[in-house]
Amino acid sequence: MLRLRLVLPSGKSLEEPTIKLLEEADFPVHRNLREQEVTIRDPLISKTLIAHPRHIPDLVRKGFYDAGICGLDCVLEAGVDIEVVAELPYSRTTSGSVEVVLFCSVDNPIQNAADIKPGSAILSEYPKCTREYFERLGIPVEVRESRGTTEAQIPEDYPYGVCVSETGLSLAVNRQKVIGVLFRSSTTLIANRESMADPDKGEAIHMLGLLLKGTLEARERVLLKMNVPALKKEDVLGILPALKEPTISELVGGGYFAIEAVVFRKGVNSLIYQLLKEGAEDVIQLSISKVIRSW
């Protein structure tokens, strides 16, 4: 298996959670904060760079790196020919996707994008995607590129804006309302098409995607182990969820069964309560680091 050249995103939204994810996936990251090149001591990775997320799709497309991690929004805005390998739903504040939205002041009577007058000015952090959005609507508009803090410039400088919204809090604080969603975006693992076509590199990139996705899924699950009296086994199994089927082993003597299952972390305390009420004993909750379902 060939070693990969990997580019990671900089910035407050993705840099820290990406490094945290890699370390949870057993890819230890060593970085000098004054340098952009970092070291990941793993046989799968040969070279790693931290770069601005907007630059990553083009670095991967040109083959400087075999794979990269960035938001799907960066890929769509760049409009480059790369392969999206895996969706990795995480960011600094969410564990899911975010939205790229069209918005205006709450005082603006406009309620949806289709009502915007032709020739209106749009301040956008995604000018390419914004032009395409209004082309699909058949509304000619003037798109101006924004470098950030777009919410603060609406409506004083521009009547409409386009930005990424993780929670909607910043829009609400600035008295803005959403009148259209351009697309949903999440963090993604992307790859150079030639690298993916290479049998060894393609396999390595696929493996990297499985390990990262498996680590994210493991965050949401725990392993429960318990002993259950034989007479209570069916009652316990009736309320015990699992990825497929619980693992059941009869204990020496025949009076008890050892049962274990991977379950969602959310609601696990209530589940343990129910299991105990149904006769489970010696319940142990264990953390898991990866859930890899199949190749």
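## About the model

This is a predicted model, where local features need pLDDT of at least 70, side-chain atom pairs count only at pLDDT 80 or more, and totals for chains, interfaces and linings use all residues. Residues are numbered from 1 along each chain as its sequence is written, and side-chain values use heavy atoms, leaving out hydrogens and water.

Helices (H or I, at least four residues) and strands (E, at least two) are DSSP runs, numbered from the N terminus; two strands pair if DSSP finds at least two bridges between them. Within S11, Gln176 is the bridge partner of Ser105.

The open sheet has five strands in the order S9-S8-S10-S7-S11, with mixed pairing. At its edges are S9 and strand S11 (176-185), each pairing on one side only. From one strand to the next, the twist averages 25°.

## The loop between S9 and S10

Pro155 sits in the loop between strand S9 (142-145) and strand S10 (160-165). A cis peptide bond joins Ile154 to Pro155, with omega about 10°.

Thr149 lies in the S9 to S10 loop too. Its phi is near 50°, a positive value in a residue other than glycine. Thr149 is exposed, with a relative accessible area of 60% (buried is under 20%, exposed over 50%, partly exposed in between; 1.4 Å probe, protein chains only).

## Another positive phi

Asp282 belongs to strand S16 (residues 281-287). The phi of Asp282 is near 55°, again positive in a residue other than glycine.

Technical notes
Axes are lines fitted to C-alpha atoms, for helices over the stretch in contact, and angles run from 0 to 180 degrees between N-to-C directions.
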